[in-house]
Amino acid sequence: MAADSKVYDTVIIGAGIAGLTAAMYASRKKMKFEIISSDFGGQFMVSGEVLNYPGIIKTTGVELSMTMEEQMKFNNVNVKTETVQKVANEGENFKVVTDKGEYSTRTVIIATGARARKLGVPGEDRFAKKGVTYCSICDGPLFAGKEVTVIGGGSAALEAVDFLKDIVSKMYMLVRSDRFTGHEYLIDKVKSNPKVEVLLGAETTEILGDKFVTGLKYTQGGKENQLDVKGVIIEIGRVPNTEAFKDTIKLDDHNHIIIDCTTATTTPGIFAAGDCASGHEYQYVIAAGQGCMALIKAARYLANKK
Amino acid sequence: MAKIRVYSTPTCPWCMKLKAWLKSKGIEFENIDVSEDQEAAQAMIKKSGQMGVPQIEINGKMIVGFNPEAIEAELKKSR
């Protein structure tokens, strides 16, 4: 086992809002810690406008990300760019294994967020970045003057439709359920948009193309139909990034890490925060709050063990 | 010095990140807004076979996405 001087107080995994908030608190508490992530910024890099963060009237995901980068420098937080492969028990401590090394630590804070859910239909992977996209604000302008399909019925799909309204010539919205599930104000916007044709109870079965996307097949009411479109924007929710932890801690039915109201997981000493955890409400302010809570509870756990 | 072009859209977060990263390294580049310039957009798609931004062209080689390691490796070659 590593000497005590090489054992960290905490290792934070993930550098989205939850992980960065935890790291900022860890630095200010002068804890011995590392924050490890395969990239900086998490999902806020792909969100557009941010209009609901307390104290900030209006910003964008990328602006918030850049501000947080400055904030990390101010607080002497350096994110290690490594990919965590697993967390294992190591006596009373834990071992965090990455693609570049191993870290012994007394506590772990998991804040690995979530990623875009895939449809899982033929053609989806083949035409990724060839007409299929999961980021409308990134690639949307490449569909200028073209017909596209947005798949999904939640807020992210509705936001994508609203963003694309001045760019594309026509949009189909394929919603698997028989109704929208997003924010009401977004539903109203989409319903009043003459460019949008909404198809409810429609399930995508295949994405078609040659070099690029040329269309898609879907079923509705038992009948198979086809749409000729140049772009397919997929916004059907998220899956948590928790595969590396499934042997060490309990996940719920949707693979989120089960936490209690103090962010404690089922394994004492491991805490989880943000979109990877079992709150199931994907909000920046919740991620920030849980990141803070996780760090403070980890520090308290360490103090109680002494 | 390598000739560098960045193909981007104004709303794309990774484009902003890529441009900020290049600036922080003092690397000069030409920015092409493919949401305004449809011809350039088509040229970009033809060159890389990819319909996504950002893309960066270094001495004719296209790198898709924000990939600092690949960009630095390509820049090293041209030094």
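Before the sheet, a definition: two strands count as paired if DSSP finds at least two bridges between them. Helices (H or I, at least four residues) and strands (E, at least two) are DSSP runs, numbered from the N terminus. What you see is a predicted model, in which local features need pLDDT of at least 70, side-chain atom pairs count only at pLDDT 80 or more, and totals for chains, interfaces and linings use all residues. Residues are numbered from 1 along each chain as its sequence is written, and chains are lettered from A and ligands numbered from 1 in the order in which they are written.

Chain B, then. Its open sheet has 4 strands in the order E2-E1-E3-E4, with mixed pairing. Strand E2 (30–33) and strand E4 (61–64) of chain B are at the edges with a single partner strand each, so one side of each has no neighbour in the sheet. From one strand to the next the twist averages 20°; angles run from 0 to 180 degrees between N-to-C directions, and axes are lines fitted to C-alpha atoms, for helices over the stretch in contact.

Strand E3 (residues 55–58) of chain B pairs with E4(B) through 4 bridges, antiparallel. B:Glu57 has B:Met62 as its bridge partner in E4(B).

Two helices lie on this sheet. H1(B) touches strand E1 (4–8), E2 and E3 of chain B, and its direction makes about 155° with that of E1(B). Contact here means that the C-beta atoms of two residues, placed from the backbone, lie within 7 Å. H2(B) lies across E1, E2, E3 and E4 of chain B and runs at about 95° to E4(B).

Now the interface. Chain B and chain A each put 18 residues into the contact. On the chain B side, helix H1 (13–24) and helix H2 (38–48) are the elements that give two or more residues. Which of them gives the most? H1(B) does, with 5 residues. That side of chain B divides into 10 nonpolar, 7 polar and 1 charged. For those classes, Ala, Val, Leu, Ile, Met, Phe, Trp, Tyr, Cys and Pro are nonpolar, Asp, Glu, Lys and Arg are charged, and the others, Gly among them, are polar.

On to chain A and strand E17 (residues 231–234). A:Gly231 and A:Ile233 point one way and A:Val232 and A:Ile234 the other, and all are buried. Buried means 20 or more other C-beta atoms within 10 Å of the residue's own, exposed means 12 or fewer, and partly exposed is in between, with C-beta atoms placed from the backbone. Strand E10 (residues 132–133) of chain A runs parallel to E17(A), joined by 2 bridges, and strand E11 (residues 147–151) of chain A is also parallel to E17(A), with 4 bridges. A:Val232 stands opposite A:Val132 and is the bridge partner of A:Thr149.

Last, helix packing in chain A. The axes of helix H1 (residues 17–28) and helix H2 (residues 61–74) come within 10 Å and cross at roughly 20°. That makes H1(A) roughly parallel to H2(A); the cut-offs are under 35 degrees for roughly parallel, over 145 for roughly antiparallel, 65 to 115 for roughly perpendicular, and oblique for the rest. Their contact has 5 nonpolar, 1 polar and no charged residues. H1(A) also packs with helix H6 (residues 284–305) of chain A, at about 40° with the axes 7 Å apart.
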